[in-house]
Amino acid sequence: MPRLFTALEIPRNAAMSLSLLRGGLPGARWIDVENYHITLRFIGDVDGRTADEVVDRLDRIDRPEFQLGINGIGSFGGKKPHSVWAGVSPAPEMFALQAEIERICQRIGLPPDPRKFTPHVTLARLKSSRVDDVVHYLAGRGDFHTVPFTVCRFVLLSSRDSVGGGPYLTEEVFQLREAPVASSPVGQRVVEKSFI
């Protein structure tokens, strides 16, 4: 059975902006543009019955679409950095969606996710990158940001055993409810909805 996880997709324009961050860091294995995503909940290897139950429950989620932006970059791993990521603007609707997915997974009997939800887009996995190189890379790109975009759905993705970073397969798509136009922070709806 493939590993399953729920995620938000990155629209093409934002993904293209993120792709410009590739390069300039020795020891980095860059994630392919089509595999950029924001993980909401890692589900893991589950049997077919559990997977069907997850899909059935996720399909009942009724939440509005929302605006997101990607801004800033950082690394995980401290003095032994293992990945570089782009940050995600904190949207209450995204955190509410993630919390509902977490509750659903626990009700089905999956163990709680031990990691605190830290929304991000992984840009590269690092193997033997020096801390100084990572600091230098991050310092030159800290003001990165994308134009806000509308999140109109979330997906259930699967991955096969690999080193990480894809390829990912979209197993299911779950639409979010269309939000009223007035909910946009700039008073107009951003219609960036084409996905890679």
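Me: Is Phe 117 buried or exposed?
Reply: In this predicted model, Phe 117 has a relative accessible area of 13%. Buried means under 20% relative accessible area. Phe 117 therefore counts as buried.

Me: Which residue forms an edge-to-face aromatic pair with Phe 117?
Reply: The two rings lie 5.4 Å apart, centre to centre, with 75° between the planes. An angle over 60 degrees counts as edge-to-face. The partner of Phe 117 in this pair is Phe 95.

Me: How many residues apart in sequence are the parts that the pair of Phe 95 and Phe 117 ties together?
Reply: Phe 95 belongs to helix α3, whereas Phe 117 is in the loop between α3 and β7 (120–126). Because of these positions, the pair ties together parts whose separation in sequence is 22 residues.

Me: Is Phe 95 buried or partly exposed?
Reply: The relative accessible area of Phe 95 is 33%.

Me: What is the geometry of the aromatic pair of Phe 76 and Trp 85?
Reply: The ring centres are 5.4 Å apart, and the planes form an angle of 35°. Stacked pairs have planes under 30 degrees apart and edge-to-face pairs over 60, with the rest counted as tilted. The pair of Phe 76 and Trp 85 is therefore tilted.

Me: How are the axes of helix α2 and helix α3 oriented?
Reply: Helix α2 (residues 48–58) and helix α3 (residues 92–108) pack with their axes 10 Å apart, at an angle of about 140°. Angles over 145 degrees count as roughly antiparallel and 65 to 115 as roughly perpendicular. The orientation of α2 to α3 is therefore oblique.

Me: How many nonpolar residues are in the contact of α2 with α3?
Reply: From α2, Thr 50, Glu 53, Val 54, Arg 57 and Leu 58 take part, and they meet Ile 101, Ile 104, Arg 107 and Ile 108 of α3. Of these residues, 1 is polar and 3 are charged, and the number of nonpolar ones is 5.

Me: How far apart in space are Ile 70 and Gly 87, C-alpha to C-alpha?
Reply: Ile 70 is in strand β5 (residues 70–76), and its contacts include Gly 87. The two residues are 17 residues apart in sequence, and their C-alpha to C-alpha distance is 5.6 Å.

Note on methods. Residues numbered from 1 in each chain as written. Predicted model: local features only at pLDDT ≥ 70, side-chain atom pairs only at ≥ 80, totals over all residues. Heavy atoms only, no water. Axes fitted to C-alpha atoms, helices over the stretch in contact; angles between N-to-C directions. Helix = DSSP H or I, 4+ residues; strand = E, 2+ residues; numbered from the N terminus. Parallel < 35°, antiparallel > 145°, perpendicular 65-115°, else oblique. Contact = heavy atoms within 4.5 Å. Nonpolar A, V, L, I, M, F, W, Y, C, P; charged D, E, K, R; others polar. Phe/Tyr/Trp six-rings, centres within 6.5 Å; stacked < 30°, edge-to-face > 60°. Buried < 20%, exposed > 50% of the residue type's maximum accessible area, 1.4 Å probe, protein only. Lists of a residue's contacts leave out its neighbours within four places in sequence.
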